[in-house]
Amino acid sequence: RPVWARTDAQLVETLATLRARLEMPARLYVETLAAQPLLTNSVTAACLYGGGDIAAQQIERRSNVSSPQKSGWNYGRTLRMTFFGFAFAGPILNGWYPLLHKVTAAFRRNYQPVSVIPLPQWLESRLPGWVPSPPAWATIVQVEHLASPSDRAREVAVKVLFDNLFFQAPFLTCYFVVTGFLEGLSPAAVYHKTQTNFHAAWAYGVLLWAPLQTANFWFVPVGLQPLAVNIVNVFWKGFLSLLNHRRDYGGDSAKAAPAEHAVRQREAQQRLQVEELELELASQRKVILRLTHELELCESQSSFQGRQPPRIRAAGAAPAPPPELAASGEGADEYQHEKPPPAPPPPPPPLACASSGAS
């Protein structure tokens with residue numbers, strides 16, 4: 001069988017060549033990851049998230065589930081996903097999996113007592129009866145690393161449980177909130193978007209991540225676990241994007257029933273407008289309460305000033321300006337330069353009576 005033998009040899013040679021070509025980049029990546037884990041995971045997540053969004057937009061265009069306002073490629077969306085991968089996903093995954101490995105260290109070790117350091121006899125005789133025997137200063141233990149399949153399965157099960165309970169739900173919420181703010185949505189719109197998409201996405205996420213994380217924790221080293229999760233996130237985020245676009249824009253059904261699609265869009269916009277108006281109304285109520293409080297303070301101060309006794313002005317002195325003008329300084333000069341009113345003229349002297357000699 002010379003033909004088949006030659007074909008098998010060519011296949012083996014091709015696989016060996018491919019392995020040699022991939023071995024050098026893989027070794028370089030592992031060395032860079034060991035030297036700069038945070039930067040390497042951040043750049044990797046940025047590339048994978050950006051590439052995943054490019055693939056998701058291609059699938060949406062071919063499946064006819066793009067938004068009606070979309071006329072071409074959404075470069076802003078790709079840049080937002082790249083920024084999310086670099087600034088959030090990469091650093092968070094880089095810190096979470098080593099921390100999870102440290103937290104579950106108790107499930108990989110077993111502590112066996114080896115020997116004890118006994119107490120002196122004179123101190124042992126003075127101890128009460130409830131002290132366990134034999135009492136000791138300290139117990140020397142030996143750490144045993146568990147490597148049996150049952151112990152390994154228990155450790156992986158605990159990691160999967162902790163990952164789904166304490167990481168997947170907060171990370172998914174962070175994804176919706178951050179991408180919503182990067183899109184320029186208002187806080188009410190971000191809350192509505194997160195509330196609408198979270199439950200279905202988390203339910204699908206549990207079905208996806210439970211088996212995948214089991215394989216990840218069992219076979220992949222701790223340093224490469226963020227890379228494995230980021231690779232899966234390319235397909236996972238593409239699935240979420242396709243799911244949300246199909247629900248919002250309806251695929252072929254949107255073309256078959258454009259009126260129904262327009263009604264759904266209008267209702268969603270009206271709900272967002274109502275929520276924004278409620279927030280604005282609440283802020284206006286706070287302003288009204290503050291102004292009312294300030295008005296009450298002003299009225300109380302004015303009533304207190306009205307009860308003060310009038311000032312006595314000396315004769316010939318210029319009248320004092322009102323308190324309002326004195327506080328503002330406006331019109332005070334008129335009162336300072338105003339002359340006092342003239343004194344009334346003296347009464348005329350009495351007429352002298354005629355003397356008797358004049359008669």
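These are my notebook entries on a predicted model, from the whole chain down to one residue.

**Ground rules.** I number residues from 1 along each chain as its sequence is written, and my side-chain values use heavy atoms, with hydrogens and water left out. Since this is a predicted model, I ask for pLDDT of at least 70 for local features and count side-chain atom pairs only at pLDDT 80 or more, while totals for chains, interfaces and linings use all residues.

**Entry 1: the whole chain.** I started with the elements and found eleven helices and two strands. Helices here are DSSP runs of H or I with at least four residues, strands are runs of E with at least two, and both are numbered from the N terminus. Along the sequence I read α-α-α-β-α-β-α-α-α-α-α-α-α. I then looked up burial: 23% of the 359 residues count as buried. Buried means under 20% relative accessible area, exposed over 50%, and partly exposed in between, with a 1.4 Å probe and protein chains only. I also checked contacts (heavy atoms within 4.5 Å). Of those with a separation of 6 or more, 71% join residues 24 or more positions apart.

**Entry 2: the core.** Next I looked for the largest nonpolar core, which has 25 residues. Such a core is a set of buried Ala, Val, Leu, Ile, Met, Phe, Trp, Tyr and Cys residues joined through side-chain atoms within 4.5 Å. Y49, F84 and Y97 have the most contacts inside this core. Two or more residues each come from α2 (37–63), α3 (75–103), α5 (149–182), α6 (187–219) and α7 (225–249). The largest share, nine residues, is from α5. I followed F84 and, leaving out residues up to four places away in sequence, found that F84 touches Y49, A89, F171, C174, Y175 and V178.

**Entry 3: α3 beside α5.** How do the axes of α3 and α5 cross? They come within 11 Å and cross at roughly 160°; I took axes as lines fitted to C-alpha atoms, for helices over the stretch in contact, with angles from 0 to 180 degrees between N-to-C directions. That makes α3 roughly antiparallel to α5, a label for angles over 145 degrees. By class, I noted 19 nonpolar, two polar and four charged residues in their contact.

**Entry 4: M81.** I ended on M81, which sits in helix α3. Is M81 buried or exposed? M81 counts as buried because its relative accessibility is 9%. Beyond its neighbours within four places in sequence, M81 is in contact with Y49, D53, Y175 and T179. M81 and D53 are 28 residues apart along the chain, yet 6.9 Å separates their C-alpha atoms.

Definitions and conventions:
Parallel < 35°, antiparallel > 145°, perpendicular 65-115°, else oblique. Nonpolar A, V, L, I, M, F, W, Y, C, P; charged D, E, K, R; others polar.
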